[in-house]
Number of protein chains: 2
Amino acid sequence: MNCEIIAVGTEILLGDILNTNAQYLSRELSALGVSVFHQCVVGDNEQRLIEAIKTSYNRSDMIILTGGLGPTEDDITKETVAKALSINLVYHKESYERIVEYFKNRYMSPTNEKQAYVLENSTVLQNNNGTAPGCLYEQNGKTVVILPGPPFEMQPMFEDYVKPFIMKKNGGIIKSKFIRVFGIGESNAEYLLKDIIQNQTNPTVAPYAKKTESTFRITAKANNENEADSLITDMSEKIYNILGDAVYGEDDDTLQSVLVKLLQENSLKISFAESCTAGLIASKIGEISGASDVFCESYITYSNEAKHRLVDVDERIIAEYGAVSSQTAIAMANGVRSASCSDIGISVTGISGPTGGSKEKPVGLTYIGVSYMDISRAYKFVFKGDRNKNRELAAYNALNIARLTILGKDVYNDLH
Amino acid sequence: MNCEIIAVGTEILLGDILNTNAQYLSRELSALGVSVFHQCVVGDNEQRLIEAIKTSYNRSDMIILTGGLGPTEDDITKETVAKALSINLVYHKESYERIVEYFKNRYMSPTNEKQAYVLENSTVLQNNNGTAPGCLYEQNGKTVVILPGPPFEMQPMFEDYVKPFIMKKNGGIIKSKFIRVFGIGESNAEYLLKDIIQNQTNPTVAPYAKKTESTFRITAKANNENEADSLITDMSEKIYNILGDAVYGEDDDTLQSVLVKLLQENSLKISFAESCTAGLIASKIGEISGASDVFCESYITYSNEAKHRLVDVDERIIAEYGAVSSQTAIAMANGVRSASCSDIGISVTGISGPTGGSKEKPVGLTYIGVSYMDISRAYKFVFKGDRNKNRELAAYNALNIARLTILGKDVYNDLH
């Protein structure tokens, strides 16, 4: 089965908003085994939209349109699909009642009423996050789906209605799992998994490049959920055996959520002494609800004087080895661990750039220190990005080093 | 003049990458007065790409294609444009030499050679950030532009070659300036500027919604640069007179870059005592090269005990008013200012959520404290987002409060 995606909206053609819906839908369709050969964007213009709908309808099994379901006169998707494919629009009482309820104690413009009209003989897709219902319409072996534009309305509607519809059409079950990988470089991870990737049938393994880490999506087709789970588990184990500790989590895990969980499970507290990252690492811990179980205080020791005064780095160390050195990083990590009475202290000191580099100590040179139990060490990196890329890389590597140290695993000094 | 954008790449159709090029080009073209009625994505498939090129060529004045200029056999854009429009490909010696130079001491696969072929009689667009040159080809009043896929290669090439080309075709000059606004809410800013926006001719004023702030792009067309600048300056002044201190900068300014500059100009040092933001504010200061002039140390006082021990908040204040209170925020701001010997101390204490709220102190309740000269005060907010949205809003408001306080201006307590 193949599907085309049509995003409707002049604001996309003006560059006012980014068309993330196309990527979301393409990913989901791909994981469901549906091919996408065309994506396009059309404005709020009846003639061009009719043209796009007819072209897509003629060459594909399925079209998904997003956007243009609002109450204004620029919102013409449903009306235009109806016109292009000679379908009637009919009043849907339930949708109207939901719209009225949505506006409860507030003014409801009469133009909102038009949102309660749907394609005749379609399946109405309820919108639990907005006023506009979607439609799923089948005719002559083709399917036309109309979804709202805002992602927080569109995605749940796709998940709740369109995905099960496709799965039912395919027969059987399709399930996915994301494997989260950090620390060995994206092309390295793909290289290590090349036999799996080249020989994949079912499940499939798709690499998703991300900014600072790698992700692999395992997708299994099966007759039922248990079989799908079993295929996914087998493939996950194959990947774990190859990538080892570079796999830090699955699905919605992040390095910080995994670290906080690990600290919670081991009743440990963590603190950071951050120089160049300037609070970036601590702020990622702060993203995690429940962080206060494992995190009470942290320091940004941006100047040499602050490194000395706040986390007890001996001035002679800085004088002899420099602020950006393994010796200073180790002293910072030990110092923050004591000063904050934490179980594990992590430090970062580096030259993010663009200025500050030299031949001996180039821009990107960064040391990450760790102090935990009887471990006192620093890891050296030379990052190759711009200032903020280098700081991001330092922050993620710091979280990863904390994770691996607590797990008692080796840290791979992968130079990005 | 109208233009279509064709993004080439199966990875976009698989949802592996987000098509940001379409948004960038649409924005730039819109600012240049060029209409975009169609955007589409096609895979690395010759037949479908030929179809897309021919369709676009027939209905538009200009096509811009991005992607598919790499060295692999899946990279077919140039070859396919040549085929679709019956143009020869010719060897471009200068491009070949640049490619060889790029690979200098590294292995260069022979497949890289194909990147040195260009459309006959086209203008070759030099790539200063990668190996693949672009092409700009004119025929029968139509223009076809081929650009690389990676944004950091495509954008400079567009800026350096395509933009001047379009401006020359338009005749005259087109210049833009972004006005950066924070603190009064996007719909409020638009409302305040509604007369300007409704009556716009030249220059135009386009609102760009951003996550936590508003931006307005002023675009002027004129016969020469001086005239354009003059039109822009006049319009900027109109906007400043209406929006006042909510305008914090222009073009590439960010709240943090503007604040750092202000601190530098006034020889001031700043520190933060962060609770819920957990380092987010300090890390934004750390983004700015030169921050060390104005920033030496900062604290994350996540627990009540840390608020007491690190920034001297009296335990009785926390006991009586709670950690999330104006009294605690003021004490934290005063405390961090003394402890760090800074000129200005900023504090944040709040309930980011999703847990921790109550009837009296709901999720989103946040106090931002400021201690500067003889000023010791706290501002109350009730943010309405999820955990991380609330933390982002707190961080940006903290930066803005620091800015306005140093400028001696009032702070608008806009509840987002």
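In chain B of this predicted model, helix H2(B) passes helix H6(B) in a right-handed crossing, where right-handed means that the near helix is turned clockwise from the far one by less than a right angle. Helices (H or I, at least four residues) and strands (E, at least two) are DSSP runs, numbered from the N terminus. Residues are numbered from 1 along each chain as its sequence is written, and chains are lettered from A in the order in which they are written. Local features need pLDDT of at least 70, side-chain atom pairs count only at pLDDT 80 or more, totals for chains, interfaces and linings use all residues, and side-chain values use heavy atoms, leaving out hydrogens and water.

**The helix pair H2(B) and H6(B)**

- The axes of H2 (residues 20-31) and H6 (residues 151-170) of chain B come within 11 Å and cross at roughly 20°; axes are lines fitted to C-alpha atoms, for helices over the stretch in contact, with angles from 0 to 180 degrees between N-to-C directions.
- H2(B) and H6(B) are therefore roughly parallel to each other (angles under 35 degrees count as such).
- Residues in this contact (heavy atoms within 4.5 Å) include Tyr24(B) and Leu25(B) of H2(B), and Met154(B) and Phe158(B) of H6(B).

**How the two chains relate**

**The 12-strand sheet**

- Here 12 strands form an open sheet with mixed pairing, in an order that runs from E6(A) to E6(B); strands pair if DSSP finds at least two bridges between them.
- Strand E6 (123-125) of chain A and strand E6 (123-125) of chain B stand at the edges, each with a single partner strand, so one side of each has no neighbour in the sheet.
- From one strand to the next, the twist averages 15°.
- In chain B, E1 (residues 2-8) and E2 (residues 35-42) run parallel, joined by seven bridges, and Glu4(B) stands opposite His38(B) in E2(B).

Definitions and conventions:
Parallel < 35°, antiparallel > 145°, perpendicular 65-115°, else oblique.
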